[in-house]
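Thanks for coming, everyone. I'll take you through one model today. Have a look at it first, then we'll go through it piece by piece.

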Amino acid sequence: MKTVKINFLVSCLFIFCFLSCNQQKDQKIKPIVNTQPEMELDLLALQAKNKLGKDTVVTIVNDPVYHKTKKYHAVNALLLLKNEIDLSKVNIKNTLIVFECIDGYKPEMPLELFLNAKSYLAFKDVDAPKGSNWEKIIKNGNEMNADPFYLVYTSVSSDNQEYKWPYNVIKFHFVSKNKNIEALQPKDDKKAMKGFVLFQKQCITCHAINGIGGEMGPELNYPKSVTEYWKESELIDYIVNPASFRHKVKMPTLGITKQQSQQIVDYLKYMSKNKI
Ligand code: HEC
């Protein structure tokens, strides 16, 4: 008797889910990506389902992480993206591809650039020592590896700063340029605008403002803005040279001048009055 009841409940639940999923699909048909919820590719989930595509070996001349020519076992990232995402429904010129890494680092680049290159997701280093997938990477004195994926290009020079080569990548996100920019842009303040442009170039990969941006470093605006608990002059100096404040600091010295740092702080002060 009991099992009949449970079976009945499970069937109801199933029918309910089926109906509600279908409803969602109908709502998603609108073809402009700007109004869609954020799209993403979960690389580990695809790997678990064996959907990454064919393995191949790629050679990378002057690899930017290892600083020498490297060979990797890899899958074709461009093909994978094209298999998983219907690009005819995406406004390509207006979309950024954001690479999410294990530690919360989130570099991004225009989707259009990504689509113009031969990109691969490396999952194993051909020259790795026995028992390991990778020759080790030394960064800031720490030993790291590139697991689970390292994004490389066979058609792009590693000097080309527009292309990102993240390792420890777990997901690709696709977000509208406008959505991010609109939310963080100081529309009515020319002075803050200069700092915003710098912030977008140099900081947003690691820091969020109002929840938008990278997660390797702390959120800088919400609930408390850094401008509310740092002395302004020290904040400016910190952004120029973080290591002069903190031992073993993870934030890099980015080559920001004091004047640029002042502009960024002016922007952060503006945003402190524009919280979520
Ligand atoms: C590669 C990642 C990275 C980049 C790029 C980066 N930061 Fe950071 N930042 C961090 C991390 C990690 C911390 C946490 C402290 C540390 O370094 O260990 C931090 C800390 C800070 C803090 C101190 C926050 C607090 O409450 O103590 C400020 C302010 C800051 N960053 C501002 C900036 C600005 C402005 C930029 C751009 C010019 C920037 N950061 C670029 C990673 C980064």
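**The iron site**

Let's start at the metal. The iron atom of the ligand is held by two side chains, His 207 through NE2 and Met 251 through SD, at 1.9 to 2.1 Å. Keep in mind that this is a predicted model.

What is the arrangement of the six donor atoms around the iron? It is octahedral, because the angles they subtend run from 86 to 178°. For comparison, the ideal angles for six octahedral donors are 90 or 180 degrees.

Now, where do the two residues come from? His 207 sits in the loop between helix H6 (190-202) and strand S11 (208-209). Met 251 sits in the loop between helix H8 (232-240) and helix H9 (258-272). The pair therefore ties together parts that are 44 residues apart in sequence.

Buried or partly exposed? His 207 is buried, with a relative accessible area of 11%. Met 251 is partly exposed, at 22%. The cut-off for buried is under 20%.

**Backbone features**

Next, the backbone. Most residues other than glycine have a negative phi, and most peptide bonds are trans. Here are some exceptions.

Which peptide bonds are cis? One of them runs from Asp 147 to Pro 148, with omega near -5°. Pro 148 lies in the loop between strand S8 (142-144) and strand S9 (150-153). Another cis bond runs from Tyr 222 to Pro 223, with omega near 0°. Pro 223 belongs to the loop between strand S12 (212-213) and helix H7 (226-229).

Then positive phi. Asn 62 is not a glycine, yet its phi is about 55°. You'll find Asn 62 in the loop between strand S2 (55-60) and strand S3 (70-76). Asn 62 is partly exposed, with a relative accessible area of 40%.

Asn 210 also has a positive phi, near 50°. Its place is the loop between S11 and S12. Asn 210 is buried, with a relative accessible area of 15%.

**Strand pairing**

Last stop, the strands. How many bridges join S2 to S3? Six, and the two strands run antiparallel. Within that pairing, Val 58 has Tyr 72 in S3 as its bridge partner.

S3 also pairs with strand S6 (residues 119-125). That pairing is antiparallel too, over five bridges. There, Asn 76 stands opposite Tyr 120 in S6.

To recap the metal site: His 207 and Met 251 coordinate the iron, and the arrangement is octahedral.

How values were computed:
Residues numbered from 1 in each chain as written. Predicted model: local features only at pLDDT ≥ 70, side-chain atom pairs only at ≥ 80, totals over all residues. Heavy atoms only, no water. Donors = N, O, S within 2.8 Å, 3.2 Å for Na, K, Ca; no water. Tetrahedral: all angles 85-135°; square planar, octahedral: opposite > 155°, others 65-115°. Helix = DSSP H or I, 4+ residues; strand = E, 2+ residues; numbered from the N terminus. Buried < 20%, exposed > 50% of the residue type's maximum accessible area, 1.4 Å probe, protein only. Pairing = 2+ DSSP bridges.
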